[in-house]
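Reader: Could you walk me through this structure, taking a few residues and elements one after another?

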Amino acid sequence: AYSRVQEVILDSAPAMIFYKNKQNFFIRVNKAFEAAMGLSKEKLVGRSIFDIYPKDQAEKFWQDDLEVIKTKKPKLNMIESMETPQGTRIVRTDKVPYFDEQGNVIGIIGFALDITERKKAHEQLRESEERFHEMFKRHHVVELIIQPETGVILDANDAALGFYGYSHDEMCRMRIQDINQQPLEDVTDSLNMAALESRNRFEFPHRLANGQIHWVEVYSTPVETGGQKVLYSIIHDITDRKLAEEKIQTSLQRLYLILSNMQNGILLITA
């Protein structure tokens, strides 16, 4: 028998719960279902889904019910829209048969969870990731997406392919350790620092496909895409700057040597 305890349990559930008989009439609903429909239990019990939903939607729900009744098997994880006084909601619905003491199906029990906001958030995230990947692919700056734990190159944009001289398939079979000419331990430390956001700017010697070594400045920051945390790295070729700095350093060293010799010569003369 249906008890007060059962009613409290049903009404405490966040999911919309309903019982319907084989003739498609509601025989029991919980508070969550009442709230969604904007009707009291008294106005829902004894009514058909055709009294509540638009005809095409009611027909779809009824076909699902009939399938459960005929097969005697649950129908689970159905993502469907549901019209309510608050507007169209997206719900994830499970429907299971319930039986009498002789094992005959006498109706169905439905559990519907409102996932509208979750669905919207998922769609917004998907659209955001699509925009990110489109911008990533078309950006004229060299960019890589790297797995921080292993250094595996997950993606490279067209500018990166042109700079390094590899095809997309080739680059995505490589690790950043295959390109970075720093000692392996230093590369690993750099990946960890970038992932932990303790440092995001680095200078490395990178080997290109033709064997040339180019100095690069790397800005690397962790982002989440596709459900995983990755490093988004922007790379600038600073080889010319490095060469210029080396020339300046060499010139300064020569100047220092000349000045030192001159000073020594003066000291020798005055002595």
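Reader: Leaving aside neighbours within four places in sequence, which residues is Ile-17 in contact with?
Author: Bear in mind that this is a predicted model. Apart from its neighbours within four places in sequence, Ile-17 is in contact with Leu-10, Arg-28, Val-29, Asn-30, Phe-33, Ile-109, Gly-110 and Phe-111.

Reader: Where is Ile-17 placed, and is Ile-17 buried or exposed?
Author: Ile-17 belongs to strand S1, and its relative accessible area of 7% makes Ile-17 buried, because the cut-off for that class is under 20%. As for distances, 9.5 Å separates the C-alpha atoms of Ile-17 and Glu-34, which are 17 residues apart along the chain.

Reader: What is the strand order in the open sheet of five strands?
Author: The order is S2-S1-S5-S4-S3, and the pairing is antiparallel. Strand S2 (26–29) and strand S3 (75–84) are the edge strands, each having a single partner, so one side of each has no neighbour in the sheet. On average, neighbouring strands of this sheet are turned by 30° against each other, if direction is ignored.

Reader: How many bridges link S3 and S4?
Author: S3 pairs with strand S4 (residues 87–99) in the antiparallel sense over eight bridges, and Met-78 has Thr-93 of S4 as its bridge partner.

Reader: Which strands does helix H4 lie across?
Author: Helix H4 (residues 55–71) lies across strand S1 (16–21), S3, S4 and strand S5 (105–114), and the helix runs at about 155° to S3.

Reader: Changing topic, which residues have the most contacts inside the largest nonpolar core?
Author: That core has 26 residues, and those with the most contacts inside it are Val-142, Leu-144, Ile-153, Tyr-164, Met-171, Ile-176 and Ile-235. At least two of its residues come from each of S6, strand S7 (153–156), helix H6 (158–164), H8, S8, S9 and S10, and H6 gives the most, with five residues. There is also a second, separate core of 21 residues, which includes Met-16, Val-29, Tyr-53 and Val-105.

Reader: And what is Ile-235 in contact with, leaving aside neighbours within four places in sequence?
Author: With those neighbours left aside, the contacts of Ile-235 are Val-141, Val-142, Leu-144, Tyr-164, Val-216, Glu-217 and Val-218.

Reader: Back to H8: which of its residues are buried?
Author: The buried residues of H8 are Val-187, Ser-190, Leu-191, Ala-194 and Ala-195. Viewed down the helix axis, the buried residues of H8 fall within an arc of 130°, so they line one face of the helix. These residues pack against strand S6 (142–146), strand S8 (201–207), strand S9 (213–225) and strand S10 (228–237).

Reader: What should the helix H8 span, at 1.5 Å a residue?
Author: The 12 residues of helix H8 (residues 184–195) should span 16 Å, and the end C-alpha atoms are 17 Å apart, which agrees.

Reader: What about phi, which residue with a positive value follows H8?
Author: H8 is followed by Glu-197, with a positive phi near 60°, and Glu-197 is not a glycine. For background, most residues other than glycine have a negative phi. Asn-24 is another non-glycine residue with a positive phi, of about 80°.

Reader: Where do Glu-197 and Asn-24 sit, and which is buried or exposed?
Author: Glu-197 is in the loop between H8 and S8, where its 59% relative accessibility counts as exposed. Asn-24 lies in the loop between S1 and S2, and at 3% relative accessibility Asn-24 counts as buried.

Key: Residues numbered from 1 in each chain as written. Predicted model: local features only at pLDDT ≥ 70, side-chain atom pairs only at ≥ 80, totals over all residues. Heavy atoms only, no water. Helix = DSSP H or I, 4+ residues; strand = E, 2+ residues; numbered from the N terminus. Expected span 1.5 Å × (residues − 1). Buried < 20%, exposed > 50% of the residue type's maximum accessible area, 1.4 Å probe, protein only. Arc of directions from axis to C-beta. Contact = heavy atoms within 4.5 Å. Pairing = 2+ DSSP bridges. Axes fitted to C-alpha atoms, helices over the stretch in contact; angles between N-to-C directions. Core = buried A, V, L, I, M, F, W, Y, C linked by side-chain atoms within 4.5 Å.
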